[in-house]
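This report covers the strand pairing, the ligand surroundings and a few individual residues of one model. The sequence and structure come first.

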Amino acid sequence: MKITKIKGTLDFTGNEAVKYRYIEKTCTNIAKKFGFSEIITPIIEQTDCFVRATGEASDIVQKEMYTFLDRGERSITLRPEETACVMRHFVENKKYANPGLTKYYYFGPMFRYERPQAGRYRQFTQLGVECYGNENPLMDADIINMAWQMLSSIGVDNLKICINTIGGKESRAKYQVALKEYFADKLDELCPDCKVRYQKNPLRMLDCKVDSGLEIMANAPKIKDYLEDCDKEYFDTILTYLDALGLKYEISERMVRGLDYYTNDVFEIIYDNPKSQLNGLAVCAGGRYNDMGAEFDGPTIQAIGFAMGVERLMAIMDEAENTDYLEQNDSITVITLGQNAKLAGVKLTNYLRKNNLHAEIDYAANSLKPQFKLSERMNARYIIIIGEDEIANQEMTIKDTVLKTETKIKCSELNKYFNIEGSIDYAY
Ligand code: HAM
């Protein structure tokens, strides 16, 4: 049987791999500027880590986890998300004893047994942040601001911020009662999953992918009518700060998010391009989750974070023909003309590499076309051309594709041209 990659997974090579790393580098640099440091946690965790944190009624726990018994009969799960893992680490190591804010970012693979389709995979990568301590609406607004800056920096357009509040415990308790009353005589119209959600966590019904189009869903009670004053004030203040930061947003009254751990504000950044098959996909999602610490037998830990789907961003960049990731680098292609020049070219390439420059040569090709192709593939800034005459005169021709110049220099001027320090003058 032919061995192929597993359904819903992706391989990246060439420019795809460059794009993947470009997103990582651009976004993590921004996270560092906002004072976040990296956390790396295992890919496998005890299954309970996710059952407790994301909630038994969530789709992730019900249908999407890769769970297995290890050889010691322990239930292990490949992480479907990272928020629970970061909280597990924080409580396990009593990091809450440290005063002030703790800010982590992460980048790595997650696993969900979902139906593969455009922008939805079984192994995908999340770039995320989690911030603990000191609840303040200004922080919530600034976290959304950071996500927006990351997305702008990688050059993804047609995005919109959708935000809602699901209130604190008391607001949610009142709202749950209202939802139960409302749906009590409408259960027959709902999908089997929603019947279960009605019993376990009625809020989850609002998030149902099957029933979302039903009129009874549109007419369901809205959380804003059940918010305690403090929750309403917290949310309104976030909106004021978003305005002050110049961020546009839409209030999505029915957004509850697919995970049970959220409290108060929840948000998603959605790809808004009706012409695209990726239209409506969330590229980033998050919110506040102050009750998760207690699920790990820790104290109440004020927490907020978000995660972005890297493969979704890559798919959107492809569709928009965004090539920002192909940054011009300072690499050099050495091109040779004539039979005797190849060896001289290899020696020159070797010299440049020894001096910490990225230089490449086509070892085999003598004609120009394939040699220029190599330069295109490398997106090289410099092209050095050497032929028999150049060798005889101890010269080389250097094209700078950024400054669009072509200069003939003596070999003895090579060090100066590339700022090579402390070496003897080059000669063929
Ligand atoms: P989530 O909404 O489940 O939230 O996922 C966050 C992002 O990961 C989504 O917006 C999407 O871009 C990407 N994503 C999710 N599932 C897939 C998939 N099957 N294929 C491709 N991309 C996907 C969380 O995971 C929370 N942990 C976010 C968070 C962090 N909340 C607080 N802190």
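Three strands form an open sheet in the order 2-4-3, with antiparallel pairing. In this predicted model, the edges of that sheet are strand 2 (44-46) and strand 3 (66-69), each of which pairs on one side only. On average, neighbouring strands of the sheet are turned by 35° against each other, direction ignored. Four bridges hold strand 3 to strand 4 (residues 75-78) in the antiparallel sense. Within this pair, threonine 67 has threonine 77 in strand 4 as its bridge partner.

The loop between strand 3 and strand 4 contains glutamate 73. Its phi is near 65°, a positive value in a residue other than glycine. Most residues other than glycine have a negative phi. Glutamate 73 has a relative accessible area of 61% and is therefore exposed, since the exposed class begins over 50%.

A second open sheet has five strands in the order 13-12-14-15-16, and its pairing is mixed. Strand 13 (359-361) and strand 16 (405-410) are the edge strands, each pairing on one side only. Strand 15 (residues 395-400) pairs with strand 16 in the antiparallel sense over six bridges. In this pairing isoleucine 398 stands opposite threonine 407 in strand 16.

Strand 5 (residues 102-111) is joined to strand 6 by 10 bridges, and the two run antiparallel. Methionine 110 has phenylalanine 124 in strand 6 as its bridge partner. Seven bridges join strand 6 to strand 11, again in antiparallel fashion. Here valine 129 has phenylalanine 306 in strand 11 as its bridge partner. How much of strand 6 is buried? Nine of its 10 residues are buried, so strand 6 is largely enclosed by the rest of the structure. In a regular strand the side chains alternate between the two faces of the sheet.

| Strand pair | Bridges | Residue pair |
|---|---|---|
| Strand 3 and strand 4 | four bridges | threonine 67 and threonine 77 |
| Strand 5 and strand 6 | 10 bridges | methionine 110 and phenylalanine 124 |
| Strand 6 and strand 11 | seven bridges | valine 129 and phenylalanine 306 |
| Strand 15 and strand 16 | six bridges | isoleucine 398 and threonine 407 |

The ligand has 26 residues around it, of which Glu81, Thr83, Glu114, Tyr121 and Tyr262 come nearest. By class, the shell around the ligand divides into 13 nonpolar, six polar and seven charged residues. For tyrosine 261, an N or O atom of the side chain is 2.9 Å from a nitrogen atom of the ligand. Glutamine 126 has a polar side-chain atom 3.0 Å from an oxygen atom of the ligand. Taken alone, the ligand exposes 650 Å², and the protein buries 96% of that area. Strand 10 gives the most, with five residues.

Serine 152 is placed in helix 5 (residues 137-153). Its relative accessible area is 44%, which makes serine 152 partly exposed. Serine 152 is 35 residues from glutamine 117 in sequence, and their C-alpha atoms are 25 Å apart in space. Asparagine 158 is found in the loop between helix 5 and strand 7 (159-165). Asparagine 158 has a positive phi of about 55° although it is not a glycine. With 43% relative accessibility, asparagine 158 counts as partly exposed. Glutamate 73, whose phi is also positive, is exposed at 61%.

Technical notes
Residues are numbered from 1 along each chain as its sequence is written. This is a predicted model: local features need pLDDT of at least 70, side-chain atom pairs count only at pLDDT 80 or more; totals for chains, interfaces and linings use all residues. Side-chain values use heavy atoms; hydrogens and water are left out. A residue is near a molecule or strand if one of its heavy atoms lies within 4 Å of it. A polar contact is a pair of N or O atoms within 3.5 Å; within protein, one must be able to donate a hydrogen and the other to accept it, and residues adjacent in sequence count only if both atoms are side-chain atoms. Accessible areas come from the Shrake-Rupley method with a 1.4 Å probe; for residues, only the protein chains shown count as cover. Ala, Val, Leu, Ile, Met, Phe, Trp, Tyr, Cys and Pro count as nonpolar, Asp, Glu, Lys and Arg as charged, and the others, Gly among them, as polar. Buried means under 20% relative accessible area, exposed over 50%, partly exposed in between (1.4 Å probe, protein chains only). Two strands pair if DSSP finds at least two bridges between them. Axes are lines fitted to C-alpha atoms, for helices over the stretch in contact, and angles run from 0 to 180 degrees between N-to-C directions.
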